[in-house]
Amino acid sequence: MKNFRLLMMAVAGCLAFTSCSDDDNDTNMNNGNQNADLTGTYRMTSWNAPMAADFNGDGVSGTNMMTESNCYNNSMMTVNNDGTYTMTYNTMNINNGTSSCGTETTAGTWTRNGNSFATSHMSGGQSMNTNYSFASGTGAGGTTLTRSMNNWQYPSMDIDGNMMYSTGNVNMVMTRQ
């Protein structure tokens with residue numbers, strides 16, 4: 001009888017340890033959204049070229065192409081908690097010395113590893129991957145995604161003021177709204 005009581009106490013102890021689940025795992029952070037600091041809608045707030053240009057003709061050259069051309073306006077990305085994203089990317093195109101605005105819309109998946117954020121989508125049968133750095137913030141700075149592009153073609157002007165493309169290191173910043 002004594003052994004039976006000890007056996008029952010041991011069984012009860014084992015059941016006590018295994019009957020409750022651990023609700024503190026990563027998939028349940030932030031009320032079921034482990035990426036609450038990342039998900040949301042981002043608007044492009046700067047597109048910085050290495051050399052200043054005066055595309056808008058106001059007499060002031062700038063490196064932030066968003067202040068020099070309205071072509072970049074309304075570029076935005078929506079990052080969803082289910083691992084998908086959509087992006088509308090507006091660009092400035094130059095052809096034979098004149099500029100025009102263009103738009104590219106993509107949709108795909110994203111992954112996050114600490115402060116690294118990457119998107120992936122299919123284009124022309126090929127997987128296209130884009131990497132960003134992620135910075136969580138509050139106040140006017142907000143949460144940002146920054147894409148650094150090395151040896152990237154960007155709008156510029158030659159010495160005579162003709163529009164052209166140059167190659168250099170540029171970055172794009174998107175801020176969560």
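Which residues form one aromatic cluster? Trp110, Phe117 and Tyr132 do. The legends below describe a predicted model, beginning with the whole chain and then moving to close-up views.

**Figure 1. Overview of the protein chain, with 3 helices and 9 strands.** Along the sequence, the elements follow the pattern α-α-β-β-α-β-β-β-β-β-β-β. The protein chain has 177 residues, and 32% of them are buried. Its accessible surface is about 10,800 Å², and carbon and sulfur atoms account for 50% of this area. Of the contacts between residues at least 6 apart in sequence, 46% join residues at least 24 apart.

**Figure 2. The aromatic cluster of Trp110, Phe117 and Tyr132.** The model has 3 aromatic pairs. In one of them, the ring centres of Trp110 and Phe117 lie 5.6 Å apart with the planes at 35 degrees, so this pair is tilted. Trp110 and Phe117 are both buried. Phe117 also pairs with Tyr132, again in a tilted arrangement, with 5.7 Å from centre to centre and 55 degrees between the planes. This second pair links distant parts of the chain, since Phe117 belongs to strand E6 (residues 116-123) and Tyr132 to strand E7, 15 residues apart. Phe117 and Tyr132 are both buried.

**Figure 3. The salt bridge between Arg112 and Asp37.** The model contains 1 salt bridge. The closest N and O atoms of Arg112 and Asp37 are 2.8 Å apart. Arg112 lies in strand E5, while Asp37 sits in the loop between helix H2 (29-32) and strand E1 (40-53), so the pair ties together parts that are 75 residues apart in sequence. Side chains of opposite charge can pair when their charged atoms come close. Arg112 has 28% relative accessibility and counts as partly exposed. Asp37, at 24% relative accessibility, also counts as partly exposed.

**Figure 4. The disulfide between Cys71 and Cys101.** A disulfide is a covalent bond between the sulfur atoms of two cysteines. The model has 1 disulfide, and the S to S distance between Cys71 and Cys101 is 2.0 Å. The torsion about this S-S bond is about -75 degrees, so the disulfide is left-handed. The pair links distant parts of the chain: Cys71 is in the loop between helix H3 (65-68) and strand E3 (76-79), whereas Cys101 is in strand E5, 30 residues away. Is each cysteine buried or partly exposed? Cys71 counts as buried because its relative accessibility is 7%, while Cys101 counts as partly exposed because its value is 47%.

Figure 5. At 17% relative accessibility, Gly108 counts as buried.

**Figure 6. Thr143 in the loop between strands E7 and E8.** The loop that holds Thr143 runs between strand E7 (126-135) and strand E8 (144-157). Is Thr143 buried or exposed? With 2% relative accessibility, Thr143 counts as buried. Setting aside neighbours within four places in sequence, Thr143 is in contact with Asp37, Tyr42, Phe134, Ala135, Ser136, Gly137, Met174, Thr175 and Arg176. Asp37, one of these contacts, is also the salt-bridge partner of Arg112.

**Figure 7. Strand E9 and its pairing with E1 and E8.** Strand E9 spans residues 163-176 and pairs with E1 in the antiparallel sense over 6 bridges. Ser46 has Val173 in E9 as its bridge partner. E8 and E9 also run antiparallel, joined by 12 bridges. Here the bridge partner of Ser148 is Asn171 in E9. In a regular strand the side chains alternate between the two faces of the sheet. The hairpin of E8 and E9 has 5 residues between the strands, and Gly161 in this hairpin takes a positive phi near 85 degrees.

Note on methods. Residues are numbered from 1 along each chain as its sequence is written. This is a predicted model: local features need pLDDT of at least 70, side-chain atom pairs count only at pLDDT 80 or more; totals for chains, interfaces and linings use all residues. Side-chain values use heavy atoms; hydrogens and water are left out. Helices (H or I, at least four residues) and strands (E, at least two) are DSSP runs, numbered from the N terminus. Buried means under 20% relative accessible area, exposed over 50%, partly exposed in between (1.4 Å probe, protein chains only). Contact means heavy atoms within 4.5 Å. Rings of Phe, Tyr and Trp (its six-membered ring) pair if their centres lie within 6.5 Å; planes under 30 degrees apart count as stacked, over 60 as edge-to-face and the rest as tilted. A salt bridge is a side-chain nitrogen of Lys or Arg within 4 Å of a carboxyl oxygen of Asp or Glu. Accessible areas come from the Shrake-Rupley method with a 1.4 Å probe; for residues, only the protein chains shown count as cover. Two strands pair if DSSP finds at least two bridges between them. A disulfide is a pair of cysteine sulfur atoms within 2.5 Å.
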